[in-house]
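Please keep the viewer open while you read.

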Amino acid sequence: MSEGLGGGTDFVALLRSLGHDPFGTIVSASADPARPAAAGTNQPVVAHGTTVCAIRYADGVVMAGDRRATAGNLIAHRTMEKIYPADRHSGVAIAGAAGAAMEMVKLFQLQLEHYEKLEGVPLSFEGKANTLAQMVRSNLTAALQLGLVVVPLFAGYDMRRRRGRIFTYDATGGRYEETDFQAEGSGGRDARTTIKLGWREDLPREAAVELAIAALYEAADEDSATGGPDPVRGIYPMMATITVDGFEELPDAEVAERFVALIERKRRESGMPEPPPAPPPATPRRSRATRSEGGDAA
Amino acid sequence: MSMPFYVSPEQVMNDKAQYARKGIARGRSLCAVAYNEGILLAAENPSEVLHKISEIYDRIAFAGVGKYSEFDALRRAGVQFADVRGYQYSREDVDARSLANAYAQMMAHTFTNDIKPLEVEILVVEVGMTAAEDQLFRITFDGVVLDEDHFSVIGGEAEPIADRLRESWQDGLSLGDALRTARAALAGDDRTIDPHALEVAVLSRANGRRAFRRIEADSLAELLGS
């Protein structure tokens with residue numbers, strides 16, 4: 001029991017006072033010389049997450065991310081999840097060093113819940129964005145020494161301002177509010193361009209989801225590290241909307257259907273001949289075991 | 001050189017216990033009642049911001065009576081204990097039993113070693129996957145842990161309220177029935193408690209990962225009316 005740890009609400013500080021060092025551990029563990037290093041550098045080969053995006057629309061924001069993680073030029077993981085609920089009304093998407101990013105998300109979720117329980121009210125949206133900035137900054141040593149850069153994308157519904165908001169970060173903890181949309185990761189630029197061409201104020205949900213789908217498709221088309229739709233294995237990007245009603249993940253079947261429609265449209269537009277009748281899309285198959293950890297099942 | 005007066009340990013303990021009981025008896029009582037979807041906690045509390053009932057972890061709630069500053073410090077310590085344990089191991093490894101034990105150690109230590117004992121009594125409640133796995137721990141000011149079934153009452157009026165619940169509690173109560181049962185037991189025969197003077201929360205199996213939900217005044221009036 002830990003009475004007398006002060007009246008603070010900072011979960012990371014609490015962990016440090018008990019001898020845990022959440023950000024330091026990443027540095028010392030990864031700096032182990034026995035671990036394999038990429039050729040010509042002192043950087044360990046670690047999994048990297050690639051393209052994620054967030055789009056503001058009429059009711060809030062839609063977030064989307066591909067499912068691929070890469071290690072160097074290899075595909076490290078095909079079903080990685082990059083969109084996490086941070087609390088009931090916000091979500092965080094990760095690009096960059098996967099291990100460090102997932103630990104950061106876990107700490108961020110715990111910090112928000114810890115604060116909410118201790119104080120009886122959730123942090124303001126601004127407060128949540130600042131908390132994440134401090135965590136990104138705490139990771140700076142690892143980012144500089146080992147290239148384990150983590151760039152989260154934070155988005156959600158601001159209950160006080162009654163609208164969707166999006167924040168991006170740089171490795172030093174710089175925090176930038178985006179007015180309309182943003183995409184991060186290796187395919188971020190292509191995704192951003194796609195969104196830019198289709199975005200307008202007060203998009204309805206349908207159009208915002210379609211735009212996110214198109215953005216991920218174009219990113220995967222141009223960037224080898226971004227995973228496209230995989231009908232063979234039934235793996236499709238992960239998408240979620242965050243509105244006044246909370247964080248809601250789109251059902252796999254809906255995402256799969258929209259991708260199939262997009263591909264069909266592309267094929268028609270390019271004048272390709274009709275393929276033999278395809279079997280219905282494979283039943284989506286995703287590993288969801290780790291999802292519930294820390295997340296808010298709203 | 002002056003010698004301190006000798007006071008027998010028995011006398012010291014009795015005095016402390018009496019002091020603590022007096023402090024606890026000044027406040028209103030609180031009860032936890034099992035119902036078909038989980039556990040309902042109800043307290044007589046005129047304040048809407050100074051809570052007696054709160055969330056500790058996914059399936060665990062805390063309730064305290066007595067001196068607010070003291071049980072609130074215990075509550076905060078409980079949240080820290082649970083969150084650190086969940087981070088260190090896993091969310092499944094946080095349970096009411098270990099939390100109740102930690103509280104008991106802490107409160108017993110204060111009772112024996114400090115001049116002033118804690119003027120609080122607390123409940124640590126965990127909703128299980130099934131009603132059979134529900135757990136209710138009542139911890140007294142001197143660190144005694146009592147493991148109770150179906151319902152539990154703390155506060156100065158605990159005994160008469162527990163007697164009333166023994167009469168009225170039934171297996172498989174609906175939320176509305178459990179609420180009415182709890183309100184009637186807290187009030188006794190000669191008065192009723194206004195919904196605005198009630199603080200109510202549930203740990204419900206239907207709520208997903210975080211089972212704790214407060215029931216605010218308007219839905220409370222609706223539930224009591226139906």
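How many bridges join strand β5 of chain B to strand β6 of chain B? The count is 5, between residues 120-126 and residues 135-139, and the two strands run antiparallel.

## Before you start

This is a predicted model, in which local features need pLDDT of at least 70 and side-chain atom pairs count only at pLDDT 80 or more, while totals for chains, interfaces and linings use all residues. Residues are numbered from 1 along each chain as its sequence is written, and chains are lettered from A and ligands numbered from 1 in the order in which they are written.

Helices (H or I, at least four residues) and strands (E, at least two) are DSSP runs, numbered from the N terminus. Two strands pair if DSSP finds at least two bridges between them.

## How confident is the model?

The model scores ipTM 0.88 and pTM 0.86. For pLDDT, the predictor's confidence in each residue from 0 to 100, chain B has a mean of 93, with 99% of its residues at 70 or more. Within chain B, β6(B) has the highest confidence, at 97, and helix α6 (residues 217-225) the lowest, at a mean of 86.

Chain A has a mean pLDDT of 84, and 83% of its residues reach 70 or more. Residues 25-40 of chain A stay under 50, and the model gives them 21 contacts beyond four places in sequence. Residues 288-298 of chain A are also below 50, with 21 contacts beyond near neighbours in sequence. Here a contact means that the C-beta atoms of two residues, placed from the backbone, lie within 7 Å.

## Chain A in outline

Chain A has 8 helices and 13 strands. Of its 298 residues, 45% are buried. A residue is buried if 20 or more other C-beta atoms lie within 10 Å of its own, exposed if 12 or fewer, and partly exposed in between, with C-beta atoms placed from the backbone. Among contacts in chain A with a separation of 6 or more, 71% link residues 24 or more positions apart.

Back in chain B, β5 and β6 belong to an open sheet of 5 strands, in the order β3-β4-β5-β6-β7, with antiparallel pairing. Its edge strands are β3 (53-57) and β7 (145-148), each pairing on one side only. Neighbouring strands are turned by 25° against each other on average, direction ignored. Axes are lines fitted to C-alpha atoms, for helices over the stretch in contact, and angles run from 0 to 180 degrees between N-to-C directions.

To place one pair by eye, find B:V125, whose bridge partner in β6(B) is B:L136. Helix α3 (residues 96-113) of chain B lies across β3, β4 (60-66), β5, β6 and β7, running at about 0° to β6(B).

Strand β1 (residues 30-35) pairs with β8(B) over 4 bridges, with B:C31 opposite B:V153 and B:L30 partnered with B:I154. On its other pairing, β1(B) joins β2(B) over 6 bridges, where B:A34 stands opposite B:I39. These two strands form a hairpin with 2 residues between them.

Helix α4 (residues 158-168) and helix α5 (residues 175-187) of chain B have axes that come within 8 Å and cross at roughly 145°. Where they meet, B:I161, B:R164, B:L165 and B:S168 in α4(B) face B:T181, B:A184, B:A185 and B:L186 in α5(B).

Beyond residues up to four places away in sequence, B:L41 touches B:A32, B:I53, B:A61, B:A63, B:V125, B:V200 and B:A201.
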